[in-house]
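Please look over the sequence and the model shown here before reading on.

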Amino acid sequence: MGPTPYNSSNSSSSACSSSTKPPPPQPPDQMDHLLAGAGYKVRSNDLTQVAERLEHLETVMVKSSPVDISDIGNDAVYYNPTDLASWVDSLLTELNPNVSGSGSGSGSGSGSGFVSGSGPAYVSDPVMNDMNNVYGEFGQQVVTPIEEDVSIRLVHVLMTCAEAVQRGDMSLAGLLIDDLQGLLGRVNSGCGIGKVGSFFVDALSRRVVNSPQNGVVQVDLSAYENEILYHHYYEACPYLKFAHFTANQAILEAFDGQDCVHVIDFNLMQGLQWPALIQALALRPGGPPLLRLTGIGPPSLDGRDSLREIGLKLAELARSVNVRFAFRGVAASRLDDVKPWMLQVSPKEAVAVNSIMQLHKLLGPGGPRGPPVDLVLDWIRDLNPRILMVVEQESNHNQPEFLDRFTESLYYYSTMFDSLDACTAQPEKTLAELYIQREICNVVCCEGSARVERHEPLVRWRERLTGAGFAPLHLGSNAFKQARMLLTLFSAEGYSVEENEGCLTLGWHSRPLIAASAWQAIPKPSVVTTGR
Amino acid sequence: MVHILENGEHFRADNREPEPEPEGFGSGFSINDHLDLLIEVLKRLDGRSLGAAACVCRQWCAIARNDSLWEHLCFRHVSPPPVGVRPVVSALGGYRRLYMVCVRPVLSRLKRRRLGGESEVVRRVWNQHEVELSLSLFCVEYYERLLVGGGRVAGDSPSSSLKFLCMPVNV
């Protein structure tokens, strides 16, 4: 364990590697990259032993009398802590002459010792602490101790790589990605951290290879392909169903007593939300109203008018159940391209605006007139809707710092993948995972206007909507009961519906993943000029 | 042979094993001559027995497939069923299909959750919310069939959105 030709700044022991020239790629049995980044030289192979001896050192120091410790402090010989292994050996022999510096007879368990922070204080850094928290999330799975070690290390290296990306140190990030690929090979990639980890590694490597400024990181899918993925996501897990059923219940209650109703759907897709509403309106006491549906969707490039086709199918269904129905499609690639006059809202009708996971796409950099979301909320308010239904992902993926976004999305999507594990139907599950993977890729790889998945939590949306002139509507107990019942029909036991100040959230094991809220527009005060 | 148990609410049609003629019945009585009686009996069955009754013979099959029997089954314990439900359900595929595709899986899933074990044949009251949810799911299922094929709904197998209802609960 002698000195090796490794260019590190020996004078400082703080975590700083940006000032050194990037080390050449090392075979795995050489120095560990992570500790090298922090200024320590330890061979990867020796990590286990060094960790054990550090643990042992701590035990010995704690047990030793203060007299012995102060002897060390007064000693004129200062050991260079860069060579961690020999440093700890020499300290151990100092404190306890019986302990030999070489070899460690005890077996494993070093993994947990290494990460629990019981070692010397200078080894810990914020990244480690984050990693401990994340491990708590994954601790529910049953894994072998060795796999546990690899999982912990995987998460740790992911965080470190993300931190390197944030700093702009792409070469270190590249090396860490190689590490990650190796780790992924050793962990079960069919479930748990292995699966979601592989998606994040993929996203990080895309970001490292093509920097967001240079070009397209994520290939756009055609509208048809998007619909397929969306449909399978709808089948495989209950999030979209929860959104649809809760929204329909709230809209139904808002339309009570109205004879002409108009629903504006911000993302029509295949219109899966609307059959249930049409049926509920058909059966409402007093008979169905005249229902107009305006569906907004991306323009189809292959000549098919998919919006119109969906409208025809919905009209057929409405005709079967005797509900007077009219459909209008508005093709727009972005929501802020839609102008209110396109919707042709008549003043006599009751309007409901339905936004299922669309508003967050408007939080990107705006034009000279402000962020797009404020403009859109403004014209929504002008329509004077009886209800604005907002369903959004319950997480903060819009923080300015990349590392914060990365960490938060790692927690969020891990939980979501956990819940998806319970689904066994194929090909629904695989395609649903692809759908989620695209979201992950967008959060991690893209920047600027390309990054559309800018999720924000319910508290932020509340602030935003109340600031834009909307008042909250409480989702009633019917919606809650319906959501609970819907969940008992799914196979997995882990889902939970909670009520949060009039809003409903659906989560997995008490981690909310999706939040539904209803709003009503406060009419704008009209400017009245009176002569006095 | 038909055995009618004392409480009149549950019977088994079992024409596989030969049974002795029970005393007290005139040897000329055949239920097939009294279809109104047969229908009254069938009205009181649970779903599984009604399905079994449809397998007895062609005549019974034709009678047991009558949608109004299944309507009785679906709304037996919900009082009163909402006005106007019948044309809606007929348009979406009929009560028999509603029962097979939605009501039965929903009930068995909810029952299994409540009891937590093997489901027994128990009489069960189900409430308005469960009815409405079943109707909504039925409508979504009808719509998905519209999306997939252009024509009339056919067959008894549900489309993909209700596959999750038919899968066993993994506890």
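## Interface between the two chains

Between chain B and chain A, the count is 3 residue pairs in polar contact, both residues at pLDDT 80 or more; a polar contact is a pair of N or O atoms within 3.5 Å, where within protein one must be able to donate a hydrogen and the other to accept it, and residues adjacent in sequence count only if both atoms are side-chain atoms. This is a predicted model, in which local features need pLDDT of at least 70 and side-chain atom pairs count only at pLDDT 80 or more, while totals for chains, interfaces and linings use all residues; side-chain values use heavy atoms, with hydrogens and water left out, residues are numbered from 1 along each chain as its sequence is written, and chains are lettered from A and ligands numbered from 1 in the order in which they are written.

On the side of chain B that touches chain A, at least two residues each come from α5 (85–92), α6 (95–115), α7 (128–148) and α8 (163–166) of chain B, with helices and strands taken as DSSP runs (H or I, at least four residues, for helices; E, at least two, for strands) numbered from the N terminus. The largest share of this side, 13 residues, is supplied by α7(B). Sorted by class, the side has 21 nonpolar, 6 polar and 5 charged residues, where Ala, Val, Leu, Ile, Met, Phe, Trp, Tyr, Cys and Pro count as nonpolar, Asp, Glu, Lys and Arg as charged, and the others, Gly among them, as polar.

In terms of contact (heavy atoms within 4.5 Å), 32 residues of chain B meet 36 residues of chain A. The two chains bury about 3200 Å² between them, 67% of it on carbon and sulfur atoms; this buried area is the accessible area (1.4 Å probe) lost on putting the two parts together, summed over both. The count of salt bridges between chain B and chain A is 0.

## Chain A as a whole

Chain A comes to 18 helices and 9 strands, and 52% of its 532 residues are buried, buried meaning under 20% relative accessible area, exposed over 50% and partly exposed in between (1.4 Å probe, protein chains only). Of the contacts in chain A with a separation of 6 or more, 74% are between residues 24 or more positions apart.

## Salt bridges within the chains

Over all chains, the structure holds 18 salt bridges, each a side-chain nitrogen of Lys or Arg within 4 Å of a carboxyl oxygen of Asp or Glu. Three of them are listed here.

| Pair | N to O distance |
|---|---|
| E456(A) and R464(A) | 3.2 Å |
| R44(B) and E40(B) | 3.1 Å |
| R145(B) and E141(B) | 3.2 Å |

E456(A) is buried at 2% relative accessible area, whereas R464(A) is partly exposed at 21%. R44(B) and E40(B) are both partly exposed, R44(B) at 40% and E40(B) at 33%. R145(B) and E141(B) lie 4 residues apart in helix α7 of chain B, which means that about one helical turn separates them; R145(B) is buried at 19%, and E141(B) is buried at 1%. Elsewhere, salt bridges that share partners join R207(A), R405(A), E447(A) and R451(A) into one network.

## Positive phi values in chain A

Q344(A), a residue other than glycine, has a positive phi near 50°; Q344(A) lies in the loop between β3 (325–331) and β4 (350–356) of chain A and is partly exposed at 45% relative accessibility. M357(A), also other than glycine, has a positive phi near 60° and is found in the loop between β4 and α14 (372–383) of chain A, where M357(A) is buried at 7% relative accessible area.
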